[in-house]
Number of protein chains: 2
Amino acid sequence: MSAGGTGSAGSARSAPPRVLTVAGSDSGGGAGIQADLKTMLALGVHGMSVLTAVTAQNSLGVQGAWELPAEAVRAQYRSVVDDIGVDAVKTGMLSSAELVETVAELIGGTDVPAVVDPVGVSKHGDSLLATSALDSVRTKLLPVATVATPNLDEVTQLTGVRVESEAGMRSAAAAVLSYGPAWVLIKGGHLSGDAVDFLTDGSEEHWLRAPRLDNRHTHGTGCTLASAIASGLAKGESVPEAVAAAKEYVTGAIAGGFALGGGIGPVDHGWRFGAVGRFGGGDA
Amino acid sequence: MSAGGTGSAGSARSAPPRVLTVAGSDSGGGAGIQADLKTMLALGVHGMSVLTAVTAQNSLGVQGAWELPAEAVRAQYRSVVDDIGVDAVKTGMLSSAELVETVAELIGGTDVPAVVDPVGVSKHGDSLLATSALDSVRTKLLPVATVATPNLDEVTQLTGVRVESEAGMRSAAAAVLSYGPAWVLIKGGHLSGDAVDFLTDGSEEHWLRAPRLDNRHTHGTGCTLASAIASGLAKGESVPEAVAAAKEYVTGAIAGGFALGGGIGPVDHGWRFGAVGRFGGGDA
């Protein structure tokens, strides 16, 4: 399947790891495949994308959405995987039951790690997944996930479990794991106190803590985290290694989040190479 | 129109310049809005995107294309411009006469520099613009361009002028300028010898030379150059300054182009921050 990685005459470098996002487009550039591709570039992997839907979106919410037909999703996926190859896949907005099932089947037939971000609603409460698709997420998509990354609202939507404190995150994880992903990362960011996430495969347990940042410009946080995890897995890191590195990256990106538009601004995907890009400088 | 750039409490930094690409999606990640967004991140501006079409594409060619309706293009554009605001716009694949005219009208009503890359066919010869749309490009889109960036095939397609040597580039430029863009950059990369581009507004003349690189992995070169020019204009650079900086950036990206898939691999958008992203290192 993989044809990349072979240097050719005159090529200065070999190919980086390849990561594919299957998700929606956010015109404002802060979330969706835009956040995914920016994260992948920042983390040194080659980012590719299968579009599932196109949204008209900005800092205030989602003003419109156009879903791609399943055949278009399938064609994009096959174009990428059959020629270029992939080292990890990440999913985001999948919109409908038909697209969830199409993507689950495609990922099930591709032998690489898959990070599933079970996106339900946007930061503004706009629905990015039909209610009728929830069962397909539970029974088709989660079983093929290497890591699922629900936030607490998505945990409730998928499992009925409500988490009100850190203590509740273990049972939330167990409820998600019962659907079949190898690992689950429960994102506790909506609880008060430190931003705490809980990673487990049912035996190992990892608590990831970061101080809560006083910055409301967090648009794209979930997409960025999931893409960073996929980037780490594509480089050959273990799940706990990839998740820890991703948490560090997204924490820096949130710290650098900036105002843009009248509502919630984006995280800063370029925070690690500030001086190079920001000031147009040399080749560090 | 512009609401960005104002720091808010708790935000660590002010917003970077904002650049909007209006173009198609390349699933393989090397060209289209993927190349645009990667270029923008690398050059330190906030990248946003209005999708005009979604292609299933890889290193071998374009396997399928799905055009967005004009209302979706209009909605995405308004979501971005009316809330977030823009400092420069860049156009790429516009697919049909209706989309060309829609985008020309939108850009005409937005008072920022516009870089028009009059994409006709892909590197593999796949058509990315209907023949019936050529007249709309000439009479609606070129007149609202601050800079148009045709290659020699696109010059011929738009003006009938065939360029066989550097000497012919002046008349090619005059023919394109007759349609109304403020500046034209004729890309002579398909001629033999050095890679020479010619920039003029009808009075000033700039010849941009770079040694020809022995690297066939050049997928995304045109999108990357046009996006880099738009990024420079968004930062307040003059057209000659932005074009010179963009030429330097794309030359480095071509030097770093790598094999990926069985055909033409992509340029390296991250060449300037090699050590940071590639090796997952610190916060340089």
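Modeller: What follows is a set of questions and answers about the model, going from the whole chain down to single residues.

Modeller: This is a predicted model, in which local features need pLDDT of at least 70 and side-chain atom pairs count only at pLDDT 80 or more, while totals for chains, interfaces and linings use all residues. Residues are numbered from 1 along each chain as its sequence is written, chains are lettered from A and ligands numbered from 1 in the order in which they are written, and side-chain values use heavy atoms, with hydrogens and water left out.

Biologist: How many helices and strands does chain A have?

Modeller: Helices (H or I, at least four residues) and strands (E, at least two) are DSSP runs, numbered from the N terminus. Counted in this way, chain A has nine helices and nine strands.

Biologist: What is the radius of gyration of chain A, and what does the globule rule give for 284 residues?

Modeller: The radius is taken over C-alpha atoms, and the globule rule is 2.2 Å times the number of residues to the power 0.38. For 284 residues the rule gives 19 Å, and chain A comes close to this, so it is as compact as a globular protein of that length. The C-alpha trace spans about 55 × 40 × 40 Å along its principal axes. The radius of gyration itself is 18 Å, against 19 Å from the rule.

Biologist: What percentage of the residues of chain A count as buried?

Modeller: Buried means under 20% relative accessible area and exposed over 50%, with partly exposed in between (1.4 Å probe, protein chains only). Of the 284 residues of chain A, the share that counts as buried is 64%.

Biologist: What share of the contacts in chain A with a separation of 6 or more comes from residues 24 or more positions apart?

Modeller: A contact means heavy atoms within 4.5 Å. Among contacts in chain A with a separation of 6 or more, residues 24 or more positions apart account for 67%.

Biologist: Which elements cover the buried residues of helix H4 of chain A?

Modeller: Helix H4 of chain A covers residues 134–141, and A:Leu134, A:Ser136, A:Val137, A:Arg138 and A:Leu141 are buried in it. Their cover includes strand E4 (88–91), helix H3 (97–108), strand E5 (114–116) and helix H5 (152–159) of chain A.

Biologist: Which strands are the edge strands of the sheet in chain A?

Modeller: Two strands pair if DSSP finds at least two bridges between them. The open sheet of nine strands has mixed pairing and the order E3-E2-E1-E4-E5-E6-E7-E8-E9 in chain A. Each edge strand pairs on one side only, and these are strand E3 (61–67) and strand E9 (205–210) of chain A.

Biologist: How many bridges join strand E2 of chain A to E3(A), and which residue stands opposite A:Thr55?

Modeller: Strand E2 (residues 46–58) of chain A and E3(A) form a hairpin with two residues between them. They run antiparallel and are joined by six bridges. Within this pair, the residue opposite A:Thr55 in E3(A) is A:Ala65.

Biologist: In chain B, which residue of E4(B) is the bridge partner of B:Val22?

Modeller: Strand E1 (residues 18–26) of chain B and E4(B) run parallel and are joined by four bridges. From E4(B), B:Ala88 and B:Lys90 point one way, B:Val89 and B:Thr91 the other way, and all are buried. The partner of B:Val22 is B:Thr91.

Biologist: What is phi of A:Ser95, and is the residue buried or exposed?

Modeller: Most residues other than glycine have a negative phi. A:Ser95 lies in the loop between E4 and H3 of chain A, and its relative accessible area is 14%, so it is buried. Its phi is positive, in a residue other than glycine, and is near 75 degrees.

Biologist: Is A:Glu164 buried or exposed?

Modeller: A:Glu164 is placed in the loop between H5 and helix H6 (169–177) of chain A. With a relative accessible area of 67%, A:Glu164 is exposed.
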